[in-house]
Amino acid sequence: MIPTWAQIGYLVAAVCFIVALKALSSPKSARAGNALGAAGAVLAVVITFVAYKPDNLVPILIALGIGAVGGVIGSRRVQMTHMPQLVALFNGVGGGAAALVALMELGDVHAGETVAALATAFTVLVGAISFSGSIVTFAKLQELMTTRPVVFPGLPVLFVAAVLGGIALAGWLVSDPRVWVGVLLCLAGLAVGVMLVLPVGGADVPIVISLLNAFTGLTVAAGGYVLGNTLLLVAGTLVGAAGTLLTKLMADAMGRSVFNILFGAIRGGSTLGGGTASERPVISGGAEDVAILLGYANKVIIVPGYGLAVAQAQHTLRDLVEELQSRGVKVDYAIHPVAGRMPGHMNVLLAEAQVPYEQLREMDDINGDFKSTDVVLVVGANDVVNPAARNTPSAPIYGMPILNADEAQRVIFLKRSMRPGFAGIENELLYDPRTTLLFGDARESLTKLLGALKTV
Amino acid sequence: MTESIALLTIFVLAAFVGVEVISKVSATLHTPLMSGANAIHGVILVGAIIVTGQAESMLVVVVGLLAVVLATVNMVGGFVVTDRMLEMFKGPGARKKELQK
């Protein structure tokens, strides 16, 4: 039994986590909140060492050191654009750790302790799903593999078989808790995780990370139940609940359901990430034409998107905006909630390029301003300004809130090609007579624009 | 039995708290919030330490140490990366100061 003071210490750590999450919901307190969360975590680890007096102390401390150094180096060195995959990776290893802990606890779970065995089975299965799912997500975001949905004949059958096999093994484990059954269950979970994420298209990956994050939270909670540790139970449940809500918020912002994201490609329906180039005529211009449009405007709104992140063009964009401002043009950035690869991704990117926070305006705040705007400059975004979300009930993104770029006098798209966005649907705005396209990599186009702007 | 009911009660209440505390988050902070929550579940490290500390066979110790490494990466890396993201959200005043340095 753990001493009372340690229990109280765990309670303090749990409160730290709750307050940390609360503080993370507001820009002013977010950083302090994160620090408080870290303090709670350190407190919890110290209490554990003192209260449980673990054997194998030296190897544990060495392992702790290796993990800490690895974590710090990984998170310090990574570029801001690679942040999403790092979060996915951290989530995966957490899920893996939970599954391993549960596997080791199996030796202490006896037949008849149904709830404990059930919780153990849950932790092993879902922890393994979270681990392998996150690794595939990481591979997709890091572009170690294709970001398109991967579907092969027989995948649905295999997936269902793996899920049923997992459930059957879990049932076996509950009635007869043996370690080797646990190992099989773990393997089934790994297979389910891989097949769950393979068919998901690149644009939906952030939502999957959030979902897997919630999964890991729940496995930690179940692990806490098995160990009779209230801190793990509270912290895991908090993350599970908050993560589930966050997943839903993100999916809502994209006008998609979580079910469709996960199983859309398998059903072969209107999935994301399709796309062939269209043959319809468009108006494309050179950098000089576009520079004149921008340089002589009174009011410009920038709509940044995924293409900006891919091209690492945020610094060039900031330079362009500063040049425009020095000419007396009023410039704002319109940030769609799901622009980029994660909600809030654009804010992080532009903040890295030292764009003042007050120039970044959220969708609801800026949507009324497009009517009085001369030029909208869309940099590597597409679906977030697609009027089909408003006008075409059959479109997969119908109902998604969009930026009203089509209400402005002129629209400029910086695009690599005529391939549709992740939603794989045509954007009528591209063919509008008021629209000009400038083809090319976002950073090269912006550099050319910046040069042209200085001469006009 | 009472203990499992107590744990179940904690579970249900914590679930409500988890939903409640983030219900008013702005979209801007979705990514850091996800990352922060991600770091918090790294507390599975506590479980990994407990289990490894009670391990008797060599195999379990090795698996346990692996779990300790993974969980520490999750926890430490998670908090550091969240801090790095939030560092970017400084107000204009703080940023000016930094430029002057």
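Modeller: Start with residues 58–81 of chain B: the end C-alpha atoms are 34 Å apart, and the span is 100% helix and 0% strand. Helices (H or I, at least four residues) and strands (E, at least two) are DSSP runs, numbered from the N terminus. This is a predicted model, in which local features need pLDDT of at least 70 and side-chain atom pairs count only at pLDDT 80 or more, while totals for chains, interfaces and linings use all residues. Residues are numbered from 1 along each chain as its sequence is written, and chains are lettered from A and ligands numbered from 1 in the order in which they are written.

Colleague: For which residues of chain B does UniProt list "transmembrane region"?

Modeller: First, a caution on such records: UniProt positions are given in the numbering used here, feature names are shortened, and annotations may be inferred rather than shown by experiment. For chain B, the unreviewed UniProt entry lists residues 33–51 and 58–81. Over residues 33–51 of chain B, the chain is 84% helix and 0% strand, with the end C-alpha atoms 29 Å apart. In chain A, the unreviewed entry gives this feature to several spans, including residues 32–51 and 86–104. Residues 32–51 of chain A are 100% helix and 0% strand, and their end C-alpha atoms lie 28 Å apart.

Colleague: How do I read the confidence of the model?

Modeller: Look at pLDDT, the predictor's confidence in each residue, from 0 to 100. Chain B has a mean pLDDT of 85, and 86% of its residues reach 70 or more. Over residues 91–101 of chain B, pLDDT stays under 50, and the model has 5 contacts beyond four places in sequence for them. Two residues are in contact if their C-beta atoms, placed from the backbone, lie within 7 Å. The model as a whole scores ipTM 0.90 and pTM 0.78.

Colleague: How many residues does the contact take from chain A and from chain B?

Modeller: Chain A gives 92 residues and chain B gives 73 residues. Several helices of chain A each supply at least two residues of the side that touches chain B, among them α1 (4–23), α8 (205–227) and α9 (230–253). The largest share of that side, 19 residues, comes from α9(A). By class, the side of chain A that touches chain B has 57 nonpolar, 28 polar and 7 charged residues. Here Ala, Val, Leu, Ile, Met, Phe, Trp, Tyr, Cys and Pro count as nonpolar, Asp, Glu, Lys and Arg as charged, and the others, Gly among them, as polar.

Colleague: How do I read a set of strands?

Modeller: Two strands pair if DSSP finds at least two bridges between them. In chain A, strand β1 (residues 299–304) pairs with strand β2 (residues 330–335) in the parallel sense over 4 bridges. Strand β1(A) also runs parallel to strand β4 (residues 375–379), joined by 5 bridges. A:V300 stands opposite A:V331 in β2(A), and its bridge partner in β4(A) is A:V375. On β2(A) there is a further parallel pairing, with strand β3 (residues 360–362) of chain A, over 3 bridges; A:A334 stands opposite A:R361 there.

Colleague: Why is β1(A) said to be largely enclosed by the rest of the structure?

Modeller: A residue is buried if 20 or more other C-beta atoms lie within 10 Å of its own, exposed if 12 or fewer, and partly exposed in between; C-beta atoms are placed from the backbone. In β1(A), 5 of the 6 residues are buried, so the strand is largely enclosed by the rest of the structure.

Colleague: Where is A:Y333 placed, and what is it in contact with beyond four places in sequence?

Modeller: A:Y333 sits in strand β2 of chain A. A:Y333 is buried, with 24 other C-beta atoms within 10 Å. Its contacts beyond four places in sequence include A:I302, A:P304, A:L350 and A:R361. A:Y333 and A:E358 are 25 residues apart in sequence, and 9.3 Å separate their C-alpha atoms.
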